[in-house]
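Have the viewer open as you read.

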Amino acid sequence: MREFVPFVLLQRAAMEKWSLMTITVLLALTVRWTVSLSSYSGAGKPPMYGDYEAQRHWQEVTYNLPIRQWYFNTTDNNLLYWGLDYPPLTAYHSLVCAYIAKLINPDWIALHTSRGYESQPHKLFMRTTVMVADLLVYIPAVILYCFSLKETSTKKKVSSALCILLYPGLILIDHGHFQYNSVSLGLALWGALYLSYDWDLLGSAAFCLALNYKQMELYHSLPFFCYLLGKCFKKGLKGKGLVLLTKIAGTVVVSFAVCWLPFCTDVEQIMQVLRRLFPIDRGLFEDKVANIWCSLSVLMKIKNIMSPETQLKLSFAVTLLSLLPACVKLTAQPSLRGFKFALVSCALSFFLFSFQVHEKSILLVSVPVCLIINEIPFMATWFLLVSTFSMLPLLLKDGLLLAYTVTMLAFLSVCTTSFSILEKTSAEDLQLKQFSLSLKGYVSWFKSFPKIVRMLFFLSLTLMAVLSVMSATVHPPQRFPDLFPLAVSVVSCLHFILFLVYFNVVILWDSKNRSQKKIS
C-alpha cells in the first residue's frame with residue numbers, strides 16, 4: 001500500500017502535465033487559426049500577387065512538369081514568375097500538397113490557367129496545409145523539447161511551451177503572410193532535440209532535412225558542425241571520436257544523396273538548382289530589412305558604390321569575423337547550453353551581416369532564442385518582441401495590423417505573467433554575473449544595473465509602440481515615402497547589434513559551460 005501511494009502521485013502529476021500541455025497546444029492552434037482568417041501576402045494584387053501565390057504556383061509547377069524542368073526556365077515554367085528557388089524538400093512538399101489539391105479541385109493547380117487563383121475554398125485549403133505542417137513537425141518538437149528541459153518544474157516547462165508556441169513572429173508570417181517556415185525550423189529543432197539526448201546521427205539527419213527544405217538554415221549550420229566536431233575532439237580523433245566523426249559524415253552524405261537523387265542525372269541539373277538557391281545578382285539585401293547593410297544605406301548607397309561581387313566578399317568577411325568567437329568557444333568547450341546560445345549568436349550574425357537577407361530571416365534567430373526563454377526570460381522576451389516589430393512594414397503591407405497588435409500584446413502578457421520577467425533583470429538573472437565580476441571596480445553603475453535594464457526595456461517598448469502607431473496611421477512626407485519602414489529597420493537593427501554583443505558576452509564569460517560534466 002505504501003508503494004502504491006507514490007505511484008498514484010506520479011500518475012497524477014504526469015496526467016496534470018499532459019493536460020496542461022494539451023490546453024497549451026489547443027490555445028496555440030486557436031491563435032493560429034484566428035490569424036489565418038486575416039489577409040495574406042499579395043491578396044488581390046496582380047500581376048505578381050505575393051508569397052501565397054508563390055506557394056500555389058510551386059504546386060502547379062511540380063505537379064504538371066517533369067522534375068528536370070522544375071528549376072529551369074521553359075515555356076511552361078517562367079522563372080521570373082515565382083520560379084522555384086528553394087531546395088528539393090520544399091519542391092517535394094509542394095508536390096504532395098498539389099496531389100491533395102488535385103483531388104479537391106483540379107483548377108487550383110491547372111497549368112497556366114491557375115495563375116493568381118483566389119477563392120475562399122482555396123484559401124481554406126492553403127491555410128490548412130500550414131496548420132498540418134505545424135502539427136506534424138513544429139509543435140511536437142516544441143512540446144518534446146520543453147519536456148526534455150532538466151532541473152525545471154512542470155509549471156516552467158508548460159510556461160516555456162506556451163510562450164514559444166505563442167511567439168507572434170512565426171504565427172504572423174506562416175499563418176498570416178503565408179509561408180511554411182515552421183517546417184524547416186521544426187526540423188532544425190528536432191535536430192537540436194536529438195543532440196540533447198546524444199542521438200548525434202539522428203540530429204545530423206534532421207538538420208540535413210532542414211537545410212534541404214530551406215537554404216537559410218545555413219544560419220544554424222556552424223553551431224551544429226562545431227558542437228559535433230568539438231564532441232569528436234573530446235572523445236579523441238584516434239579512437240571513439242574518429243568513429244563518431246565517420247558516422248556523422250556518412251549520415252550527412254546519405255541524407256543529401258536521398259534528397260538530391262532525382263536531380264543527380266547530370267551536373268547541369270545540380271548547378272542550375274544551386275544557381276536558383278544562391279542568386280548573387282539580387283544584391284546585398286531586399287526591401288527594408290533590419291540588418292547593418294540596409295541601415296548603412298541610409299548614409300551611403302552601398303549597392304551603388306560596390307559591385308555585387310565586392311558586396312559578397314565584404315559581407316562574407318564581416319559575417320565570418322562576427323561568427324568566430326562563438327564557434328571557437330563551442331568547438332573548444334562543446335556543451336548543450338553553449339550550443340543553444342551559439343545557435344542564437346551565429347544566426348544573428350548571419351542576419352546582420354550576410355548577403356541577400358530578407359526581413360523574414362529574423363525567424364531563424366527567434367526560434368533559437370525561444371529555446372533559451374526559460375534561462376533568460378527577460379532578454380528572450382525583449383528580443384522576440386523586437387524581432388516581430390522588425391517585420392512591421394511587411395505585416396502592414398499584408399493587412400495584418402490587428403493580428404500584429406493583438407498577438408504582440410498577448411505574447412508580452414503571457415511572458416510577463418509566466419516568468420515575472422520584470423523581476424529577472426539582475427546580472428545573475430541575465431547570465432552576466434561572471435562578466436560583472438570582471439568589471440567590478442571599473443564600472444561603478446553595475447549596482448544600478450537592474451534599474452537601468454528595466455528603464456531601457458520600457459523605453460524600447462515605448463519607441464516600438466510609437467513607431468507602430470505612426471507607421472499605421474501617419475502618411476510620410478512625399479520626399480521620404482520610406483521614412484517609417486526605414487525607421488523601423490534602423491531601430492530594430494540597433495537593438496539587434498546590442499543583442500549580438502550581449503549574447504557573445506554570455507557565451508564567452510559562461511562559467512556554467514566550464515562546470516558542466518565533460519563529454520566522454
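The lining of the largest cavity is made up of nine nonpolar residues, one polar residue and no charged ones. In this scheme Ala, Val, Leu, Ile, Met, Phe, Trp, Tyr, Cys and Pro count as nonpolar, Asp, Glu, Lys and Arg as charged, and the others, Gly among them, as polar. Please keep in mind that this is a predicted model, in which local features need pLDDT of at least 70 and side-chain atom pairs count only at pLDDT 80 or more, while totals for chains, interfaces and linings use all residues. Residues are numbered from 1 along each chain as its sequence is written, and side-chain values use heavy atoms, with hydrogens and water left out.

How many cavities of 30 Å³ or more does the structure hold? There are two. A cavity here is a set of points, on a 1 Å grid over the protein atoms alone, where a 1.4 Å probe fits but cannot get out, and its lining residues have an atom within 4 Å of a point. Points are joined across faces, edges and corners, and the volume is the space filled by probe spheres set on them.

The largest cavity holds about 80 Å³ of space. To find it, select Leu-185, Ala-188, Leu-189, Ala-192, His-220, Phe-224, Leu-343, Val-367, Pro-368 and Leu-371, which line it. Helices are DSSP runs (H or I, at least four residues), numbered from the N terminus.

Now move to the second largest cavity, with a volume of about 40 Å³. Around it sit Gln-55, Gln-59, Thr-90, His-93, Ser-94, Cys-97, Tyr-180 and Tyr-213. Both α2 (51–64) and α3 (88–104) give two or more residues to this lining, with α3 giving the most, four. By class, the lining of the second largest cavity has three nonpolar, five polar and no charged residues.

Finally, the cysteines. The structure holds zero disulfides, a disulfide being a pair of cysteine sulfur atoms within 2.5 Å. For Cys-208, the nearest cysteine sulfur is that of Cys-259, 7.9 Å away. Cys-208 is also buried (under 20% relative accessible area, with a 1.4 Å probe and protein chains only), at 4%.

Conventions
Buried means under 20% relative accessible area, exposed over 50%, partly exposed in between (1.4 Å probe, protein chains only). On a 1 Å grid over the protein atoms alone, a cavity is a set of points where a 1.4 Å probe fits but cannot get out, and a pocket is an open set with protein on both sides within 12 Å along at least five of seven lines; lining residues have an atom within 4 Å of a point.
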